[in-house]
Amino acid sequence: SLHLGGRHHYQVLREAGATDANAQTGTDRTVYHEVMPRAAVDAALWIEADRMGFFLPGLDQARLDRQITVVQSERRQRYENAPYGPERFAVAEALYPEGHPLRYLTIGRHADIAAATLARVAAFYRTWYVPANATLVLAGDLDADEAAALCQRWFGDFPASTRPVRRAWPAPVIAGPVRVTVDDRLAALARVRRTWIGPAVATVDEAALEALAVAWALPGSGRLWRTLVHERQWAQRVGVGVSTGRLGGEVHVTVDVRSGVDPAAVAALLDDELAALRGGALDPRGLARAIRRREAGVLWRLDGMGRRAALLLGAQLATGSPAGIGQALARTRALTVDAVVAAAARWLAPDRMVEVVTRPGRGDV
C-alpha cells in the first residue's frame, strides 16, 4: 500500500515484533491478523489502516500480473496437483447449480483469476474494503477506552462508507442421491465422500450435527470410526465435518478406504449406519463425550491471543455479538439424543445426498 515505502507489510510487522501474521480468504470473509507486542499495537493498526485506505495507489499492472500468477500457481499446487483435489471440485459442482457463488470454490477457476483487471480489482476494493463492512477485533492488554481511542486515531478520518448489499441465495435442492466417480492419479487410497447441504450458522441443528460428527468419527470411540477402522478394518481414516456460513452449510462424511476393500461395501455400510441413526441409534455416552469436547475446544481457543481473537471474530460475524460464544456453548450443552437424531433426519436424507467416490492411481499424468 501507499505508505510502506516499498517494504512488504509482513516485513514491517516482524520488525515491530510480530510473532504471527497472516491472511486467509474463505467463502464469507477475508481476514488479516497479527499477534504483536503490546507496545507495537499502533504499528499493527497503521498497517491495517493503510491497507484499507491506501491500497490502490500502490497497485499497478505488474503487481497485479504477479499476483495472478501466484494464485494460479496456488490452484495448481493445492487443488489440481494435490491428492483428492479433483474430489473437492466434484463435490461443489454436484451441490451447487451454475451461477451459485459456492460452485467453484474460493480459489476460482483459471479463467476467473486471469480475468482480473486493474478496474475490476479497484471496483471490488472500493465496494468491500470499507469501514462500514469491516470488523476489527483487538484482543489482549487493552481496555475499551484505549481501544476506542486507537480506532479513532487510525480510522476516524476515513470518509463515511456504506455497507454493500449482500445478495441472498436460496438453499440448493438436491434431487438425489447424486453419485459421481472421479479419477485421481495422486490419491493413494480410494475415498468415499458423502455430502449434504447443511444448516445455517448459529443454529441448534448446527450444534447437533457438530456433536454427531464427534460421536461418529472420534478416533477410538466414534461409532463409524470404531466400526470401519477397528472392527472391520475397511478404512484407514474416517472423518465427519460440518461447515457453516452466511449462505448455509455442508455436512461431510469421508472414508479413506483401505487397499483391497471395495468402496461399494463401505457405501452400503454407510447406508446402514444412516438408517440406524434415523431410527435413534445414537449412544448417549458418545453424545456426552461430544459435548465435553466442544466445551474443551472453546476453552482451548481462549488460550492464546490469536485463537481468542479468531473466536471473538467468528461469534461477532455469526450472531452480531461476542456473546455468541456463550450462546453456542449453551446450544451444545442443551443437546439430547432426540435432538441430534431429529437434526440428522432433517439434513442427512438419502435423497438429498451427493456421493463422490475417488478412484486412486488413475487420470492424466
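At 33% relative accessibility, Arg226 counts as partly exposed (buried is under 20% relative accessible area, exposed over 50%, partly exposed in between, with a 1.4 Å probe and protein chains only). The model is predicted; local features need pLDDT of at least 70, side-chain atom pairs count only at pLDDT 80 or more, and totals for chains, interfaces and linings use all residues. Residues are numbered from 1 along each chain as its sequence is written, and side-chain values use heavy atoms, with hydrogens and water left out.

**Exercise 1.** Find the salt bridge partner of Arg226.

*Solution.* Apply the cut-off: a side-chain nitrogen of Lys or Arg within 4 Å of a carboxyl oxygen of Asp or Glu. Arg226 meets Glu231, with the closest N and O atoms 3.9 Å apart.

**Exercise 2.** Trace the salt bridges of Glu355.

*Solution.* 
1. Start with Arg179: its closest N to O distance to Glu355 is 3.3 Å. This pair links distant parts of the chain, strand S3 (residues 178-184) and strand S7 (residues 354-360), 176 residues apart. Strands are DSSP runs of E, at least two residues; helices are runs of H or I, at least four; both are numbered from the N terminus.
2. Take Arg194 next: the N to O distance to Glu355 is 2.8 Å. Arg194 is in strand S4 (residues 190-198), 161 residues from Glu355.
3. Check burial. Glu355 has a relative accessible area of 5%, so Glu355 is buried. Arg194 is buried too.

**Exercise 3.** Classify the ring pair Phe124 and Trp128.

*Solution.* 
1. Recall the rule: rings of Phe, Tyr and Trp (its six-membered ring) pair if their centres lie within 6.5 Å; planes under 30 degrees apart are stacked, over 60 edge-to-face, the rest tilted.
2. Count the pairs: the rule gives 6 aromatic pairs.
3. Read off the geometry. Phe124 and Trp128 are 6.2 Å centre to centre, with 35 degrees between the planes, and the pair is tilted.
4. Locate the pair. Both residues lie in helix H6 (residues 118-128), 4 residues apart, about one turn of the helix.
5. Check accessibility. Phe124 is at 48%, so Phe124 counts as partly exposed. Trp128, at 30%, is also partly exposed.

**Exercise 4.** Which ring does Arg51 lie over?

*Solution.* The test asks for NZ of Lys or CZ of Arg within 6 Å of the ring centre and within 35 degrees of the ring normal. Arg51 lies over the face of Tyr32, 3.6 Å from the ring centre. Tyr32 also belongs to an aromatic cluster with Phe55, Tyr125 and Tyr129.
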